[in-house]
Amino acid sequence: MGNLKTLLNNKWMALLLLAITFSLIYNPLTKFPYTFCVITAVILLFTYLQEGNLKNLNFKKIGGPEVKIILICYLIFELSMDFIFQPLVSKIFNEPADYSTFKVIEGNPGMYFKWLFNMWISAAIGEELLFRGFAFSQLKKVFGGKKILLVVLSAVMFSLPHLYQGISGLMMTFLFGLAFGLIYLKFKNIWINIIVHGLIDTVFLTLSYYGLTDFYSGLNMVL
């Protein structure tokens, strides 16, 4: 077991494990949200095999102080992304992000709650475990304590699967990735990331349900 741990903690093996886990996003055998259920299971397995525990994923307690941090981070990122960065990115690239994929839930309560549940499982939990908890752990084995590099690389990884949202959507996802990376770097508690991510996506899906995603285009026109 000791030899296996040593092998799996080698920087090249850590990079390979991260690449394997990331590539599962594109595997043809599973679809949303089951893809990230598989990814989550693989992350837990790889982390346990490397460390003998799951401490590197930073599943820490949530108490009163953490709830305050969650609310503050959520409000800061929701307001700044919606009213500053989203309009700015849309203006720079001369197009709003393409959110047409989410039209399917507009006015459909059953579809809305299904997507909401799937989002918390796949995006909030799955993406944060992959792009923050696991990515930071593996990239640290490769690049050491270069914290800003870890944040940037994890944000790049986070943005790539969102190419379907167009260039503006890709850039917005990258910016969100930087923000989530900084939160994780600061507080080292994956639950904080998961809940903030989930709250942001809940607001987005609610806007989609009411057919208000043009809200972002409207902000761009105002800017």
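Is Ile25 buried or exposed? At 16% relative accessibility, Ile25 counts as buried, where buried means under 20% relative accessible area, exposed over 50% and partly exposed in between, with a 1.4 Å probe and protein chains only. A few notes on the rest follow.

This is a predicted model, in which local features need pLDDT of at least 70 and side-chain atom pairs count only at pLDDT 80 or more, while totals for chains, interfaces and linings use all residues. Residues are numbered from 1 along each chain as its sequence is written, and side-chain values use heavy atoms, with hydrogens and water left out.

1. **Ile25 and its neighbours.** You will find Ile25 in the loop between helix 2 and helix 3; helices here are DSSP runs (H or I, at least four residues), as are strands (E, at least two), numbered from the N terminus. Leaving aside residues up to four places away in sequence, Ile25 touches Thr35, Phe36, Ile39, Leu130, Phe131 and Pro161, a contact being heavy atoms within 4.5 Å. Its C-alpha atom is separated by 9.3 Å from that of Val38, 13 residues apart along the chain.

2. **A cis bond in the loop.** Do look at Pro33, which is also placed in the loop between helix 2 and helix 3. The peptide bond leading from Phe32 to Pro33 is cis, and its omega is near 0°.

3. **The nonpolar core.** The largest nonpolar core holds 54 residues, and Leu130, Phe131, Phe134, Val196 and Leu205 touch the most other members. Such a core is a set of buried Ala, Val, Leu, Ile, Met, Phe, Trp, Tyr and Cys residues joined through side-chain atoms within 4.5 Å. Two or more residues each come from helix 2 (11–23), helix 3, helix 4, helix 5, helix 6, helix 7 and helix 8. Helix 5 gives the largest share of this core, 13 residues. Not counting residues up to four places away in sequence, Leu130 touches Thr21, Phe22, Ile25, Phe36, Ile39, Ile43 and Ala135.

4. **The largest pocket.** About 860 Å³ of space lies in this pocket. On a 1 Å grid over the protein atoms alone, a pocket is an open set of points with protein on both sides within 12 Å along at least five of seven lines, a cavity is a set where a 1.4 Å probe fits but cannot get out, and lining residues have an atom within 4 Å of a point. Grid points are joined across faces, edges and corners, and a volume is the space filled by probe spheres set on the points. Of the 37 lining residues, Phe102, Glu127, His162, Tyr164 and Gln165 lie nearest the centre of the largest pocket. At least two lining residues each are supplied by helix 3 (34–51), helix 4 (64–93), helix 5 (109–143), helix 7 (166–187) and helix 8 (190–209). By class, the lining of the largest pocket has 22 nonpolar, 10 polar and five charged residues; Ala, Val, Leu, Ile, Met, Phe, Trp, Tyr, Cys and Pro count as nonpolar, Asp, Glu, Lys and Arg as charged, and the others, Gly among them, as polar.

5. **The second largest pocket.** Its volume is about 310 Å³. The pocket is lined by 13 residues, with Asn58, Phe136, Lys140, Tyr184 and Lys188 closest to its centre. Helix 5, helix 6 (147–159) and helix 7 each give two or more residues to this lining, and the largest share, four residues, is from helix 5. The lining divides into four nonpolar, six polar and three charged residues.

6. **Two positive phi values.** Asn58, in the loop between helix 3 and helix 4, has a positive phi near 60° although it is not a glycine. Because its relative accessibility is 15%, Asn58 counts as buried. Lys188, in the loop between helix 7 and helix 8, is another non-glycine residue with positive phi, about 50°. At 38% relative accessibility, Lys188 counts as partly exposed.

7. **One cavity.** Searching the whole structure turns up one cavity of 30 Å³ or more, and the largest cavity holds about 40 Å³ of space. Its lining consists of Tyr99, Phe102, Lys103, Glu106, Ser208, Gly211 and Thr213.

8. **Cysteines.** No disulfides, pairs of cysteine sulfur atoms within 2.5 Å, are found in a search of the whole structure. Cys37 is partly exposed at 36% relative accessible area, and Cys73 counts as buried at 12% relative accessibility.
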